[in-house]
Amino acid sequence: MSTGKINVTADNIFPIIKKFLYSDHEIFLRELVSNAVDASQKLKTLSRIGESKAELGDLTIQVKVDKENKTLTISDRGVGMTTDEINKYINELAFSGAEEFVKKYEDKADGAAIIGHFGLGFYSSFMVAKKVEIFSLSHQEGAKAAYWTCDGSPEFTLEENDSRKERGTDIVLHINEDSEEFLEEGRIRELLKKYCRFLPVPIQFGEKEITETEGEGDDKKETKKTVADIVNVTDPAWTKAPADLESDDYKEFYRQLYPMTFEEPLFHIHLNVDYPFDLNGILFFPRIKPNMDLQRNKIQLYQNQVFVTDNLEGIVPDFLTLLHGVIDSKDIPLNVSRSYLQADGAVKKISGHITKKVADKLSSLFKKDREDFEQKWNDIKVIIEYGMLSDDKFFEKAQKFGLYQNVEDQYFTFEEYIEKIKASQTDKDGNLVVLYAAHKDGQHSFIKKAQNKGYDVLLMEGPLVSHLMQKLEGGDHKVKFARVDSDAIDKLIPKDEEAVSLLSEEQKEKLKPLIEEEVDKASYTVVLEAMDSQEAPFTITVPEFMRRMKEMSMTGGGMMGMGDMPDMYNLIVNTNHPLASRILDEKDESERKALINRAKDLALLSQNLLHGEALTNFVEQQFEALN
Ligand code: ADP
Ligand code: MG
């Protein structure tokens, strides 16, 4: 037996490890189980290349809780360690890693930010254990079993000791009083599910009862059986070649990933690169309903099948954090902080590659079956529009498959749409005017007016459309977006022929104040327009600029503070409508006021803007008129 002092400069680093890793104690289990996996994989490799004569047998890793003795044990049947190896790998190397960690982060207040990304490895067990024991038997022929123990002080004991009879290693943690949560079966199962779900070696945590049925009908026999409870799937779909997988395999994998989700994904993208960087993974496009809360953190990042994080902020472009699935890369450095990770060259390349793959997949789906793509459009457009706004390269690619839907439910790419409206919707200054509505029902009267003129109306709804329109307006085409209710239709697409006014300037000057007297000046601006006599006498519009600024400031961007501005409307009076002359000619003042108010209320009503007392009064008046 030998005792020794772990070679430390700090007197006792264990309290420091504990302090710095305060919020993330649970990662010790990930570290110990992945060491057990590494040891098993190493043995497989040695055996394959003929450097180990050991019988592999069943390599299942066991995790056991002993509540009475307050221990947690992780056992593997991997390569094992001799006393020399323990000296080298545990006393010297592993310890120097732990020590380096402590030195680096001693003065940093935000220890929490780096935890979980720092492979503290074996010594992370001291975050939860007051004493750790290693029982190990190396696979090498004639090896003697080794025993190591350390109580969290720099002193350790190492000896040859035959308490381990089988090849492999037991790591026994004597759990601290303040960490007894890790003696709870439920807690350990939860952690195994979180970190170890797709590790490549079977991991058993206790046993479970299953019911087997044999035969059918009256011959049906049910037998209960106790079997090993294996917590992981050792060969998840992303580790296989796309050619070996059917579409059902992807669906099955989606269910493994999100057992609590019943929705099926719309489609998947299989990432499979080994040069110039290593990247595997499967991303799923979920169905995203326009007004659904966006869910992030559904993509899981793995390194060699070990779960690292589900917060991919800064690792993939923000718009892709709305996707689901798994990314696994050996090239993502784990032993560093998140800010370092975001600046890492490999991570940047990976991020660019993923964006490109997603764009390529969308483009091929669009080309292969456009009808199907159109059907999915409303479920995927939020992600695509977000991508178009935040990533110029993606925007360029998306010009080929990004769709615009009109109120007749036809879909167009932007180029196709421009072609469609070019002839009729170019105004006298050569601007192409894209008319759009946000609600088919809410803006029905305006949509109809536009259609009567032979114009087409797009349906632009969702939180991002004002930003998207802004971007398209800045593009190659001389194009302007105008919501159908933002002005009189003839003003939205002004043509050369000015409508002749039936009223003289003098008459107009008389008419305007009469109407202004009846409306709330803070919210309404009265505008006189000479329009077709068939058009409505009064129309309420919301100027495009004002409304768009407000919308954009509510979703970030535009002018700050605009969101709080009161609503501003234009009351457009058609001076060519007979009502205009009638108001002017009406000598009876109360009769005239009634005319104006009724026309104004009707205009408000058609826009769903008449509410409360004003609505009640209006309806009462209408009923009275029936008497
Ligand atoms: P890392 O896994 O990054 O090398 P660790 O601190 O987790 O660092 O482990 C240190 C070393 O101890 C490992 O590299 C390995 O050589 C050895 N080791 C740890 N656990 C086991 C085990 N269960 N079986 C065999 N060797 C082990
Ligand atoms: Mg390790």
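This is a predicted model: local features need pLDDT of at least 70, side-chain atom pairs count only at pLDDT 80 or more; totals for chains, interfaces and linings use all residues.
Q: What makes the peptide bond between Tyr-275 and Pro-276 a cis bond?
A: The omega angle of the bond that joins Tyr-275 and Pro-276 is about 0°, and the bond is cis.

Q: What makes the approach of Asp-76 to ligand 1 a polar contact?
A: A polar contact needs a pair of N or O atoms within 3.5 Å, and a polar side-chain atom of Asp-76 lies 2.9 Å from a nitrogen atom of ligand 1, so the pair meets the cut-off. A polar backbone atom of Phe-122 lies 2.8 Å from an oxygen atom of the ligand, and so this pair qualifies too.

Q: How much of the area that ligand 1 exposes when taken alone does the protein bury?
A: Ligand 1 taken alone exposes 530 Å², and the protein buries 76% of that.

Q: Which helices supply at least two residues each to the shell around ligand 1, and how do these residues of the shell divide by kind?
A: The helices are α2 (27-48) and α3 (83-105), while the shell as a whole divides into 6 nonpolar, 3 polar and 2 charged residues. Of the 11 residues around ligand 1, those that come nearest are Asn-35, Ala-39, Asp-76, Gly-121 and Phe-122.

Q: Why are β16 and β19 called edge strands?
A: The open sheet has 5 strands in the order β16-β15-β18-β17-β19, with mixed pairing. The strands β16 (411-412) and β19 (479-483) each pair on one side only, and they are its edge strands.

Q: How do you know that β15 and β16 count as paired?
A: Two strands pair if there are at least two bridges between them, and β15 (residues 404-406) and β16 are joined in the antiparallel sense over 2 bridges, so they meet the requirement. Tyr-404 stands opposite Phe-412 in β16.

Definitions and conventions. Residues are numbered from 1 along each chain as its sequence is written. Chains are lettered from A and ligands numbered from 1 in the order in which they are written. Side-chain values use heavy atoms; hydrogens and water are left out. A residue is near a molecule or strand if one of its heavy atoms lies within 4 Å of it. A polar contact is a pair of N or O atoms within 3.5 Å; within protein, one must be able to donate a hydrogen and the other to accept it, and residues adjacent in sequence count only if both atoms are side-chain atoms. Accessible areas come from the Shrake-Rupley method with a 1.4 Å probe; for residues, only the protein chains shown count as cover. Helices (H or I, at least four residues) and strands (E, at least two) are DSSP runs, numbered from the N terminus. Ala, Val, Leu, Ile, Met, Phe, Trp, Tyr, Cys and Pro count as nonpolar, Asp, Glu, Lys and Arg as charged, and the others, Gly among them, as polar.
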